[in-house]
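Colleague: I have a model open and want to learn how to read it. Can you take me through a few features?

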Amino acid sequence: MGVFGQISDSYNSVARYNQILKVLIKYGFDDLVFYMKREKRFQFFQKFIPKSSKKRALKHTKWVKMRLVCEELGPTFVKFGQIMSNRPDLIPFDLVFELEKLQNNVPPIPEEQAKDIVELELKDKVENLFAWFDPKPFASASMAQVHKVTLHSGERIVLKIQRPNIREIIFEDIKVMYSIAAILEKRIPSLKSFDPIGLVKNFEESILKELDFINESINVQRFYNNINNDTSKDQFASSPKVYQDFTTDKILALEFMSGIKINNIEELEKAGFDVKEVGKRLATTYFKQIFDYGFFHADPHPGNLLVMPNGSICYLDFGMMGSILPRDIEIFGQLFISIIKKDVHKIIKVLQKLSSNSAIPNMRDLEFDINEFVEKNYLRTIHKNEMSTILLELKDIIVAHGLKVPTYFYLFARSLVTIEGVIGKLNPDLQQFEMVRPYLFKSVSRNYNPLKMGEKVLNSVYELSNYMEDFPGDLKNAIRKINSGQVKVDLTHKGIDPMVHTLQRITKQLVSAFIAVALVIGSSLFIINDVKPVWGNTSVFGIIGLILASILIFGLLANIKKGDYDN
């Protein structure tokens with residue numbers, strides 16, 4: 001990249017910083033006005049605030065303002081907010097609720113530009129590629145829009161077309177996010193435990209995957225294969241198939257699925273569907289994804305769910321998916337069965353397994369909290385059938401006791417909240433725990449299959465025999481290294497670094513203080529004894545010494561005031 005390219009990049013970054021700063025100041029000022037009105041403070045200054053500003057400030061809560069900030073800053077921050085809404089362990093529930101409302105309201109790409117993108121990606125004219133191409137999108141979002149298309153074979157498909165320059169915009173915003181995260185981590189020590197830079201890194205990985213339509217096409221194909229390979233009677237899901245010949249990293253071609261939106265109850269009843277049965281089928285399709293396939297749709301809101309003419313539930317939009325390891329599927333099964341049985345000790349063991357056997361700082365307190373949770377759940381009348389409520393309450397206990405769980409745990413909990421909301425409107429009386437019970441027992445019993453247990457024993461014996469074969473050689477090498485002094489022991493004392501840092505800071509301050517005192521005394525002697533050269537009647541060396549001493553003293557005072565916030 002040349003000099004002009006670097007200048008252009010720097011200019012773009014500065015322009016984006018300015019835009020972000022303006023938006024933050026705008027909503028920050030609203031918060032200040034809200035505070036003054038609520039607390040009835042600074043009445044004199046309130047007279048100078050325009051009525052429109054007062055009205056806007058009082059209209060929204062601080063959580064709503066945070067959502068509006070994301071929406072105003074564009075697609076990257078909207079996506080970041082949507083992903084953060086999956087982390088109730090990091091942000092307040094009220095903010096999670098607001099971030100889930102984030103909208104991608106943007107005007108569509110001009111018709112000719114959409115055609116140009118298709119032709120550039122598929123390397124042919126639209127007229128040659130398709131029998132019919134609808135230039136007007138029937139769905140539009142911040143990162144892509146969707147067009148209806150008919151192939152020359154007569155098949156109806158949809159093309160998801162990525163917006164032009166969206167990658168460049170997102171890359172620029174991610175650079176800004178890294179800078180903001182670094183500043184927050186350095187200046188606000190309490191935020192270090194949340195790892196702001198790590199959060200931005202996770203977001204970067206997530207959004208780059210979503211920008212790659214090849215990755216999404218793989219998700220669709222995997223979901224499609226799971227459904228088609230399931231020949232059981234309770235398989236009620238459907239999915240579009242991928243048209244690989246018309247798919248690139250910026251265009252995704254899928255089968256056109258025609259159905260009724262699952263939240264359009266009036267339309268479903270007109271079409272002759274039993275709405276309660278639709279809710280039951282939706283629950284079945286979702287539990288199968290979790291406990292049978294280990295690969296689930298992580299954003300099952302009503303806009304992504306259709307009821308097909310044959311009564312199956314069609315899932316759409318596969319940008320956000322969750323995967324669970326077979327081992328963890330079994331652990332989830334054990335967890336819910338232990339809750340049903342009110343087995344406190346088993347719940348604790350399962351949570352430890354889920355968190356990779358993390359050490360529990362205070363076992364007695366954890367036992368007490370789990371026991372309270374179990375008793376409350378047993379007597380619950382409101383939200384009794386909601387598995388998501390159980391997971392979110394467990395999440396609070398997990399976080400409070402410093403246990404760590406896989407990131408998909410929160411994705412799973414959030415998706416359950418979403419789908420239970422849809423099921424609740426279709427079939428509010430559905431006993432979800434009764435429905436999920438067979439899947440739970442099946443997931444746990446898989447490991448107790450005699451054939452699998454025998455396979456495990458054989459594998460263990462085989463691994464042990466290999467290990468015993470290598471053991472004498474490994475032992476000989478270890479003894480040889482000990483005898484030759486090659487073995488090094490690295491002792492790390494946890495918590496000693498802050499103490500060393502403090503001692504270093506105090507030492508520097510003491511040295512600076514001694515030097516300053518020495519300069520003051522020496523300079524005073526120069527001045528008293530009229531040591532030449534002189535400026536007026538005062539020794540020049542004395543003046544220079546006092547200036548240097550003043551600089552040191554001011555620096556020392558600033559350092560003392562700063563305290564331990566430096567690195």
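**Reading charges, helices and patches**

Modeller: Start with Lys-349. Lys-349 sits in helix H15, residues 344-354. Keep in mind that this is a predicted model.

Colleague: Is Lys-349 buried or exposed?

Modeller: Exposed means over 50% relative accessible area. Lys-349 has 57% relative accessibility, so it counts as exposed.

Colleague: Which residues form the positive surface patch?

Modeller: Lys-341, Lys-346, Lys-349 and Lys-353 form it.

Colleague: Now the backbone. What is the phi of Lys-342?

Modeller: Phi is near 60° there, a positive value in a residue other than glycine. Lys-342 lies in the loop between helix H14 (326-340) and H15. With a relative accessible area of 30%, Lys-342 is partly exposed.

Colleague: Where is Asp-317?

Modeller: Look in the loop between strand S10 (313-315) and strand S11 (321-323). Asp-317 is not a glycine, yet its phi is positive, about 65°. Its relative accessibility is 37%, which makes Asp-317 partly exposed.

Colleague: Back to H14. How many residues does H14 have, and what span is expected?

Modeller: The expected span uses 1.5 Å a residue. H14 has 15 residues, and 21 Å is expected. From first C-alpha to last, H14 reaches 22 Å, close to that value.

Colleague: How many residues of H14 are buried?

Modeller: Buried means under 20% relative accessible area. In H14, 12 of the 15 residues are buried, so the helix is largely enclosed by the rest of the structure. Among them are Ile-329, Phe-332, Leu-335 and Phe-336. The buried set also includes Asp-328 and Glu-330.

Colleague: On to salt bridges. How many does a search of the whole structure find?

Modeller: The search finds 14 salt bridges. The test is a side-chain nitrogen of Lys or Arg within 4 Å of a carboxyl oxygen of Asp or Glu. Take Lys-175 and Glu-172: their side chains meet at 3.6 Å, N to O.

Colleague: Why are Lys-175 and Glu-172 separated by about one helical turn?

Modeller: An α-helix has 3.6 residues a turn, so residues three or four places apart point the same way. Lys-175 and Glu-172 are three residues apart in helix H9 (residues 166-187), which means about one helical turn between them. Lys-175 is partly exposed at 41%, whereas Glu-172 is buried at 14%.

Colleague: Which residue forms a salt bridge with Glu-434?

Modeller: Arg-437 does, with the closest N and O atoms 3.2 Å apart. Both lie in helix H19 (residues 432-445), three residues apart. Glu-434 is partly exposed at 48% relative accessibility, and Arg-437 is partly exposed at 29%.

Colleague: What about Asp-230 and Lys-288?

Modeller: Their side chains meet in a salt bridge at 3.0 Å, N to O. Asp-230 is in the loop between helix H11 (213-228) and strand S5 (237-238), and Lys-288 is in helix H13 (residues 275-293), so the pair ties together parts that are 58 residues apart in sequence. Asp-230 is buried at 15% relative accessibility, and Lys-288 is buried at 3%. Asp-230, Asp-234, Lys-288 and Asp-292 are linked in a network of salt bridges.

Colleague: Last one. Which helix gives the most to the nonpolar patch?

Modeller: Helix H22 (residues 540-562) does, with five residues. The patch is formed by Phe-526, Phe-541, Ile-544, Ile-547, Leu-548 and Ile-551, with about 560 Å² of accessible area together. Phe-541 is in helix H22. Phe-541 is partly exposed, with a relative accessible area of 42%.

Technical notes: Residues numbered from 1 in each chain as written. Predicted model: local features only at pLDDT ≥ 70, side-chain atom pairs only at ≥ 80, totals over all residues. Heavy atoms only, no water. Patch = residues over 30% accessible without salt bridge, like charges linked within 9 Å, V, L, I, M, F, W, Y side chains within 5 Å. Areas by Shrake-Rupley, 256 points an atom, 1.4 Å probe, with all protein chains shown as cover. Lys, Arg positive; Asp, Glu negative; His and termini not counted. Charge placed at Lys NZ, Arg CZ, Asp CG, Glu CD. Helix = DSSP H or I, 4+ residues; strand = E, 2+ residues; numbered from the N terminus. Buried < 20%, exposed > 50% of the residue type's maximum accessible area, 1.4 Å probe, protein only. Expected span 1.5 Å × (residues − 1).
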